[in-house]
Amino acid sequence: MNLDRFKHQHVDILQSIATLRHLSHAGVEDHATEIARQIVAMSSTIKLHLAAEDRALYPALQHEGDAALARMGQQYQQEMASIAQDYDAFARRWNTPASVRADGTGFRRDANIVLRRVHERMQRENRDFYPRIEALDAVPA
């Protein structure tokens, strides 16, 4: 299974998180417009990524013939539901410069919690999940 698209989306999302971290450190109120713009852009990538996982990756794992990997995929999909829900609420709350500018402390707090969860999840996928999928493809049938 080719995971290049998923990996590329991870890179884009992780870069967006790094950009948000940089902008936050440089001053939330001063960079509210760029922060909101980055959140909107990152949200599009995340939605596309989650939809591709739900429509292609997880179903393919269910039919791959490796029961352990299928269970792992189900677990990842279930875990992602709450992370995605929290991210969606975060993105809706902070997708305008006015909301970011009005509560810089709240933005930092929410970003530290939600974006850390997204970041940690993608790192787990990169470290544990994707290599397992790729190893399956490397095993001769």
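Helices (H or I, at least four residues) and strands (E, at least two) are DSSP runs, numbered from the N terminus.

**View 1. The whole chain of the predicted model.** This is a predicted model, in which local features need pLDDT of at least 70 and side-chain atom pairs count only at pLDDT 80 or more, while totals for chains, interfaces and linings use all residues. Residues are numbered from 1 along each chain as its sequence is written, and side-chain values use heavy atoms, with hydrogens and water left out. The protein has five helices and zero strands, in the pattern α-α-α-α-α along the sequence. Its C-alpha atoms fill a box of roughly 55 × 20 × 20 Å along the principal axes.

**View 2. Helix 1 against helix 2.** Helix 1 (residues 4-27) packs on helix 2 (residues 32-62) at an angle of about 155 degrees, and their axes are 10 Å apart. Axes are lines fitted to C-alpha atoms, for helices over the stretch in contact, and angles run from 0 to 180 degrees between N-to-C directions. Helix 1 and helix 2 are therefore roughly antiparallel (an angle over 145 degrees). Residues making the contact (heavy atoms within 4.5 Å) include F6, I13 and L20 of helix 1 and I35, M42 and H49 of helix 2. The contact residues divide into 12 nonpolar, eight polar and four charged. Ala, Val, Leu, Ile, Met, Phe, Trp, Tyr, Cys and Pro count as nonpolar, Asp, Glu, Lys and Arg as charged, and the others, Gly among them, as polar.

**View 3. Helix 2 along its length.** Helix 2 bends by about 45 degrees at E53; the bend is the angle between axes fitted to the seven residues ending there and the seven starting there. At 1.5 Å a residue, the 31 residues of helix 2 should span 45 Å, which agrees with the 43 Å between its end C-alpha atoms.

**View 4. Helix 2 against helix 3.** Helix 2 and helix 3 (residues 67-93) pack at about 160 degrees, with axes 11 Å apart. This pair is therefore also roughly antiparallel. Among the residues in contact are I46, L50 and Y58 of helix 2 and G73, M80 and Y87 of helix 3. The contact comprises 14 nonpolar, five polar and three charged residues.

Methods: Angles under 35 degrees count as roughly parallel, over 145 as roughly antiparallel, 65 to 115 as roughly perpendicular and the rest as oblique. The expected span of a helix is 1.5 Å times one less than its number of residues.
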